[in-house]
Amino acid sequence: MTGIEPIACNYEKSINSKYTVINGFFPDGLSTKHTKTFDFIIFNDVFEHIPDLNKVLSACNNLLKPTGLLIINLPMNTGVFYKIAGFLSVLGKKQSLIRLYQFETESPHVHYFSEKSLRKATEKNKFNFVNKFNLHTVVFDKNIRERVAGIGNMSKLKSLVLTLIILVGVPFLRILPRDTKCFVFKKVKGEID
């Protein structure tokens with residue numbers, strides 16, 4: 001398995017852990033001499049950050065073996081958190097939507113997809129839909145409060161209250177529209193590698 005990582009500190013951690021990693025952005029970080037093809041290419045919470053989707057999807061098509069799979073997991077604009085943030089934004093409370101788009105980070109989201117828009121983008125670039133499944137957006141772990149605290153300049157009390165609301169609400173999230181999904185696509189048969 002080969003990874004590609006643009007952030008220097010994450011790249012260093014990966015190299016120090018003996019992983020095979022290329023430092024750079026996909027596909028530009030690959031050497032022009034790169035001829036290896038892959039069984040699968042995975043975008044793990046990355047696809048929503050990519051400005052030029054057609055360039056990246058075309059590169060995926062060229063780099064995948066004829067039976068190769070493209071796997072994308074990402075946040076959805078049809079999920080309950082996105083819907084709530086959108087509603088709050090209409091009321092003038094934009095901080096939740098700003099947090100979801102990660103505008104206050106060095107790598108904000110430039111897209112938020114629905115299943116329909118993601119399938120349209122991949123089909124345009126010669127991929128067929130294979131499968132999808134839901135992922136857990138919120139899990140019971142020690143990082144929930146830290147993640148909530150990352151929503152702008154929030155007081156400790158407000159952060160604690162919001163964390164408790166989320167923890168109590170987690171069981172209900174299982175029945176509401178999911179915020180994070182994983183999609184599997186395959187190359188259209190007959191496409192030239």
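Tutor: Rings of Phe, Tyr and Trp (its six-membered ring) pair if their centres lie within 6.5 Å, and planes under 30 degrees apart count as stacked, over 60 as edge-to-face and the rest as tilted. This is a predicted model, in which local features need pLDDT of at least 70, side-chain atom pairs count only at pLDDT 80 or more, and totals for chains, interfaces and linings use all residues. Residues are numbered from 1 along each chain as its sequence is written, and side-chain values use heavy atoms, with hydrogens and water left out.

Student: Which residues form one aromatic cluster?

Tutor: Phe-26, Phe-43, Phe-47 and Phe-113 form it, and the ring rule gives nine aromatic pairs.

Student: What makes Met-1 exposed?

Tutor: The relative accessible area of Met-1 is 83%, which is over 50%, so Met-1 is exposed.

Student: How do you know that Arg-178 has no salt bridge?

Tutor: A salt bridge needs a side-chain nitrogen of Lys or Arg within 4 Å of a carboxyl oxygen of Asp or Glu. For the buried Arg-178, the nearest side chain of opposite charge, Asp-179, is 7.7 Å away, so there is no salt bridge.

Notes
Buried < 20%, exposed > 50% of the residue type's maximum accessible area, 1.4 Å probe, protein only. Lys, Arg positive; Asp, Glu negative; His and termini not counted.
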